[in-house]
2 protein chains.
Amino acid sequence: MTMIGKSVDRREDDRLLTGKGRYLDDLELPGTLHAAFLRSPHAHARILAVDAAAARQAPGVVAVFSGADLPEIQKPLAPKVMHPKLKDFPRLPMPPEEVHYVGEPVAIVVAESRYLAEDALELIEVDYETLPAVASTAAALAENAPLAHSGADDNIAVTLVQRSGNTDEVLKSAPHTLSGEFFVMRGGGHSMEPRAVAARFEPATGQVTIWDTTQSPHYARQQLSVIYEMAEDDIRVIAPADVGGGFGPKAQFYGEEVVVPWVAIKLGRTVKWVEDRQENFVSTMMERSQTHRIEVGFDDDGHLLAVRDYIEHDQGAYCAGLQVPSITTSTVPGPYRIPNIHTELYACYTNMVPTSSVRGAGRPQAVFAMERMMDRVAEYLELDPAEVRRRNLIQADEFPYRVGIMFRDGSPLTYDSGNFPKLLEGTLERLGYEEARARQERARAEGRYVGIGIAVYVEGCGLGPYEGAKVRLTNQGKILVTLAAAGQGQGYETVYAQIAADALGLDMEHIEVATGDTSRIPFGQGTFASRITATAGPAVFDAALQMRERLVDTAAQLLGCDPAGLSFSGDRATLDGDPEKSMSLLDIARVANIGKHGITLPVGIKPGIETVSYFAPERAAYASGAHAAIVEVDPDTGAIDVQNYVIGHDCGNVINPRLVDGQVLGGFAHGIGNAMYEEPFYDAEGQPQAASYLDYSLVSATEVPPVELFHMHTPSPLNPLGVKGAGEGGTIPAPAAIANAVEDALRPLRARIDRAPVTPARISDAVYSAVKG
Amino acid sequence: MTMIGKSVDRREDDRLLTGKGRYLDDLELPGTLHAAFLRSPHAHARILAVDAAAARQAPGVVAVFSGADLPEIQKPLAPKVMHPKLKDFPRLPMPPEEVHYVGEPVAIVVAESRYLAEDALELIEVDYETLPAVASTAAALAENAPLAHSGADDNIAVTLVQRSGNTDEVLKSAPHTLSGEFFVMRGGGHSMEPRAVAARFEPATGQVTIWDTTQSPHYARQQLSVIYEMAEDDIRVIAPADVGGGFGPKAQFYGEEVVVPWVAIKLGRTVKWVEDRQENFVSTMMERSQTHRIEVGFDDDGHLLAVRDYIEHDQGAYCAGLQVPSITTSTVPGPYRIPNIHTELYACYTNMVPTSSVRGAGRPQAVFAMERMMDRVAEYLELDPAEVRRRNLIQADEFPYRVGIMFRDGSPLTYDSGNFPKLLEGTLERLGYEEARARQERARAEGRYVGIGIAVYVEGCGLGPYEGAKVRLTNQGKILVTLAAAGQGQGYETVYAQIAADALGLDMEHIEVATGDTSRIPFGQGTFASRITATAGPAVFDAALQMRERLVDTAAQLLGCDPAGLSFSGDRATLDGDPEKSMSLLDIARVANIGKHGITLPVGIKPGIETVSYFAPERAAYASGAHAAIVEVDPDTGAIDVQNYVIGHDCGNVINPRLVDGQVLGGFAHGIGNAMYEEPFYDAEGQPQAASYLDYSLVSATEVPPVELFHMHTPSPLNPLGVKGAGEGGTIPAPAAIANAVEDALRPLRARIDRAPVTPARISDAVYSAVKG
């Protein structure tokens with residue numbers, strides 16, 4: 001291993017740093033028409049009539065279609081992760097009859113420019129009959145609540161229950177019990193590049209080429225092949241090499257991805273749609289919003305005996321998949337030994353934009369609830385919060401550790417590896433925990449509110465079903481590594497060249513990486529759930545090992561020597577260092593790939609040097625981490641000063657440390673947003689109240705506090721590279737750590753921090769309630 | 001084997017017979033510009049200046065480029081089959097300085113329509129300095145001949161010599177020797193669809209998509225990647241599913257294939273060029289033109305002792321490859337035991353359109369010379385021509401038979417299998433040979449000129465280096481077979497589905513076939529030299545066997561049963577006929593290919609069901625055949641009435657008998673053209689004199705005589721299907737058989753038939769010479 005583990009510069013950086021990145025909107029597709037969507041202004045309404053006559057006459061308009069104009073594609077966008085008991089309401093690409101959230105697409109205008117298309121949107125008359133809406137899980141679960149979907153029995157999409165042991169009994173008999181109610185606000189992905197789709201119909205072949213900022217081109221192709229009733233090879237989905245962020249929402253499949261290519265097919269023209277920021281706020285999926293009513297039972301020493309968590313999950317207007325609720329229920333126990341567990345999650349339909357995975361994906365909420373309770377236990381027993389955690393952490397010799405509940409594939413939830421105590425101690429040490437407690441004491445004596453927050457988490461990642469890679473010796477004598485996975489800035493061109501370089505024993509300069517194009521490799525799943533390094537990584541490694549063997553065997557045949565005597569230097573395989581006995585990659589390609597027309601291959605040469613590997617992990621791997629923060633809070637203004645923040649992170653072996661640091665630190669910024677800033681409010685009628693960055697506080701670099709990051713490397717036994725996922729660990733525990741720190745700071749006032757983000761207003765409320773109470 | 005060997009209807013027929021075939025010119029590529037080429041009116045000239053100013057101003061003209069305007073692509077189009085001693089003169093895509101044949105491209109006009117482009121061609125002023133030209137091999141080899149290429153030492157491109165035994169000595173000491181001089185005229189491929197190229201630059205990616213009527217998309221891509229200095233994946237070459245004939249000339253690579261895509265890239269526009277019939281006559285490669293001076297030595301019984309053949313080969317203005325001369329030299333010995341062989345071929349540059357393979361590819365000329373001599377030997381010894389052949393044929397128990405000379409890959413020329421005596425006897429029997437001889441006697445007695453001609457041949461086919469196939473279980477539950485090879489009407493969609501069906505044990509309805517797209521499979525060689533069934537066929541068979549195993553293994557895993565118990569019926573694998581224990585192809589695809597997002601694969605399931613196989617034959621296979629004709633000739637008019645024609649054909653095992661019949665009979669029509677009609681005359685200055693169908697007699701259905709075809713099936717031991725090539729056998733011996741029959745008819749007049757085609761004028765000349773002589 002010479003390249004794996006090195007902080008190689010990203011190959012992508014040159015073009016990205018010099019403004020040469022090419023995003024979907026940069027694609028110059030000749031003759032392109034531009035699309036704009038008319039979106040529902042109502043959270044719940046019946047569409048009585050759409051009159052697009054005036055819009056169709058508007059300057060530059062080529063076509064206008066309402067949902068009713070395209071009945072052939074109004075088929076449900078299937079939930080990604082299903083559950084047999086899900087009460088599913090079909091999410092149609094552009095519903096012709098009833099809309100269920102503000103922002104849902106109602107009609108599309110295709111025009112010579114986006115400006116003209118948007119002008120024409122205003123000429124479309126839609127006659128709506130508004131219907132009652134629900135805009136929170138509380139409202140959704142209330143007695144006689146309005147129904148998010150007309151005709152439903154209630155607003156519950158599904159109830160997910162996990163049980164291990166005998167929680168009810170144990171809680172009854174436990175020496176101590178504590179309970180709390182915690183709420184985590186919605187938050188979005190807010191990728192720099194919003195969603196975008198361009199599609200070109202190929203009249204020559206009846207095929208359609210689709211450029212899509214999706215995280216899952218093969219998933220998009222599969223959905224479209226079902227909806228369009230077209231063969232998979234007639235649909236080519238390309239995720240451009242440069243996509244400006246994904247973070248989960250782009251792993252979902254949206255109506256616009258169905259409508260835009262279909263309109264391109266119907267018109268026989270190239271059509272492009274790029275979501276603008278305003279649309280992104282009301283139509284791109286969000287996440288987070290959950291209420292946890294959690295009760296823990298514990299003994300006099302703070303050992304956890306049982307946990308019960310009733311969870312209200314805001315599914316939004318449709319169920320795009322049950323991955324988030326499933327993950328939440330299995331994340332509650334976290335890094336702790338808990339003999340009795342009962343989680344019960346009510347996924348509720350609400351008339352807001354649907355929710356699905358956003359970086360963290362159901363984990364920040366569970367970690368928030370659990371880690372808040374760990375602090376409450378410590379407070380109750382007058383123990384140090386770090387000490388309570390120490391007493392409950394799963395120990396390094398307990399892996400593989402069966403949590404007691406189930407993973408969503410029906411198998412026992414099993415942590416593969418980790419060292420949680422060492423991670424916690426390392427974090428505390430770097431924070432200067434003891435000194436910080438002393439400083440806290442001094443500050444309190446001065447009437448200042450300094451607090452320390454800790455949060456430890458476990459994160460399922462690197463899960464199945466599979467990813468694959470092809471490795472080809474090109475006719476130019478390069479090694480081309482092809483992944484199905486599409487990156488959104490993670491540095492795939494660099495990371496997978498590093499992995500291949502080690503397997504091949506070749507310098508990276510000879511290795512190229514291609515991603516995200518369904519025409520390049522037939523099968524794939526996509527970039528989500530911090531899974532690609534641990535799935536595509538081993539596939540690349542294996543395919544590259546096979547390639548090495550093919551190269552050496554071919555060179556040995558051509559040189560008439562024993563393969564064992566060959567070594568690679570530069571792009572040449574050389575026998576015992578003899579320059580006369582040497583074949584370059586190009587030499588090998590010329591014989592075995594290019595061949596000579598009408599000439600027989602030399603004896604023993606196998607033609608067509610390409611290898612392929614698909615890797616299907618046995619089960620998910622588990623990354624872990626510990627965050628710790630020191631904050632000072634101004635109880636009058638509610639301002640939080642994060643003075644110190646330490647992240648301990650363990651994602652197993654690391655391919656490129658600098659890129660993992662980037663993932664963790666970027667994720668941390670995201671986590672700080674969830675912890676302190678981001679709030680996409682909806683009013684009680686389901687009208688979004690924070691649909692621009694004037695109202696929605698997105699974290700920028702200046703809001704990110706100083707942070708120290710360190711890594712542990714507990715290899716995963718589940719894949720040959722020993723890697724785990726690194727995309728979400730920076731985000732997951734941040735709201736819990738900040739909330740714990742703030743409550744710890746305000747402990748003299750007995751203010752309770754139960755909601756994230758912990759904004760100045762919430763702090764003021766908490767202080768006011770405590771003081772008043 | 002249930003489908004292999006069946007005359008299944010062609011899948012292509014429905015669309016072709018109902019006018020729904022889609023050829024390159026049918027491609028509706030939005031925003032297409034149309035190209036036309038200015039071509040040299042001189043056989044040899046220096047370009048002093050090109051003035052395109054007026055053309056650039058012409059209505060609808062977008063751009064005009066002369067060769068000098070595109071210096072970056074003026075790189076040699078490499079000869080396909082090379083020889084170390086070849087004196088190569090670079091064939092440039094659009095030469096900026098000197099042209100070497102009438103029709104060579106000099107400039108391209110790109111305009112809004114082909115009409116406007118052609119109008120503008122007339123406005124381009126080219127100042128030429130004409131240079132002396134040579135327009136025959138005789139002229140090229142004459143003392144003080146003008147030079148086809150300025151600055152050359154002489155007009156000889158290469159001399160190819162093959163020697164076996166001691167021909168000179170044996171000819172000196174042989175009991176009898178005879179010699180003859182034979183000439184075979186040029187002839188073309190004359191596919192119904194001429195050449196065509198369309199190209200679209202993809203500004204989004206810098207890639208270029210090229211639709212090309214080529215027989216070798218991967219070869220075209222390889223050439224372009226070298227000339228354009230682009231990665232192979234940045235060039236996608238698609239041979240449309242419907243191409244109207246190839247016959248060899250489309251297996252070559254032409255300047256237009258370089259210029260049109262390059263101009264599309266430069267302009268960032270889609271550009272299409274479709275060769276018109278007039279261009280086809282002067283710019284698409286031809287073949288045939290050879291002069292053979294052959295001497296044979298034989299004993300009193302007619303046993304051949306030695307053959308020496310001096311061959312002049314017309315290479316045309318450039319060497320596009322030495323395949324034809326190489327094949328000619330190795331085809332001379334044919335099906336006969338000849339202990340001493342000496343062939344010596346002089347490939348000459350002439351100022352005519354370059355030559356390369358046309359159906360038959362150097363074989364008709366060699367067969368013509370050898371088979372004419374067999375008749376002369378018979379005549380000399382007063383033996384029956386059939387009997388002379390019988391005495392010399394290689395016997396069925398002599399395989400593998402080493403001819404004594406070399407194949408062009410440097411290995412000993414070795415026939416794999418055959419039964420030439422049985423083939424000859426079967427042909428004669430069907431012709432009613434004995435009765436025909438009797439009839440000939442009666443006719444002669446009546447003063448009528450009836451003749452019988454026989455020609456036996458051996459044809460190298462199915463040669464390397466390799467072809468490949470991918471077989472995929474699609475997400476729609478179909479089996480997709482992908483070949484690199486591109487068809488031109490041979491029925492690939494049918495034949496390869498038949499082969500796959502047998503390997504898979506599935507009905508053909510579940511199997512689809514895709515061909516001729518470099519983006520679908522990375523490596524391939526192309527359709528030429530009757531090689532695809534014997535190379536891609538075994539690859540498909542092997543990949544499909546692997547697929548069968550993958551399907552059965554996956555179904556067995558899912559059903560929890562022993563794979564051995566499973567059998568396929570329809571699209572389902574069923575255990576012991578129990579409908580409850582059954583998985584459809586779609587069921588299998590859903591698990592192993594589509595997967596479920598975020599769910600682990602069931603234990604034991606291997607994801608990504610695609611298989612691949614490349615087949616590299618050890619050496620070429622040899623098909624064989626015997627043709628026999630009965631003709632009556634009118635010596636006054638030179639008219640030939642072909643009264644009966646029998647073809648005995650052995651291409652080993654047959655996949656689809658009806659399609660092989662189609663190949664042989666179509667090839668026979670082509671052979672009749674070479675035998676009796678086709679003559680692309682050039683005058684002494686290299687000006688084509690038969691550049692339209694007014695002057696060039698292309699065979700139509702009415703000219704094709706009645707023919708009886710029968711097959712023998714001597715399997716090739718060189719591939720698991722036992723198949724050989726069937727594309728050229730109908731053509732190769734026809735000129736020899738007809739010439740033999742005509743000379744036999746005219747034997748009472750002692751007229752000599754030394755030239756093909758045997759036209760009325762040539763018969764009159766021969767009769768006149770004989771009578772005068």
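Modeller: Two strands pair if DSSP finds at least two bridges between them, and a strand is a DSSP run of E with at least two residues, numbered from the N terminus. This is a predicted model, in which local features need pLDDT of at least 70 and side-chain atom pairs count only at pLDDT 80 or more, while totals for chains, interfaces and linings use all residues. Residues are numbered from 1 along each chain as its sequence is written, with chains lettered from A and ligands numbered from 1 in the order in which they are written.

Colleague: What makes E23 and E27 of chain A edge strands?

Modeller: The open sheet has four strands in the order E23-E22-E21-E27 (chain A), with mixed pairing. Strand E23 (511-514) and strand E27 (610-615) each have a single partner strand, so one side of each is left without a neighbour in the sheet. Neighbouring strands are turned by 20° against each other on average, direction ignored, with axes taken as lines fitted to C-alpha atoms and angles running from 0 to 180 degrees between N-to-C directions.

Colleague: How do you know that E18 and E19 of chain A are paired, and which way do they run?

Modeller: Three bridges join E18(A), residues 401-406, to E19(A), residues 412-415, and the two run antiparallel; Met406(A) stands opposite Pro412(A). They form a hairpin with five residues between them, and in the turn Gly410(A) has a positive phi of about 95°.
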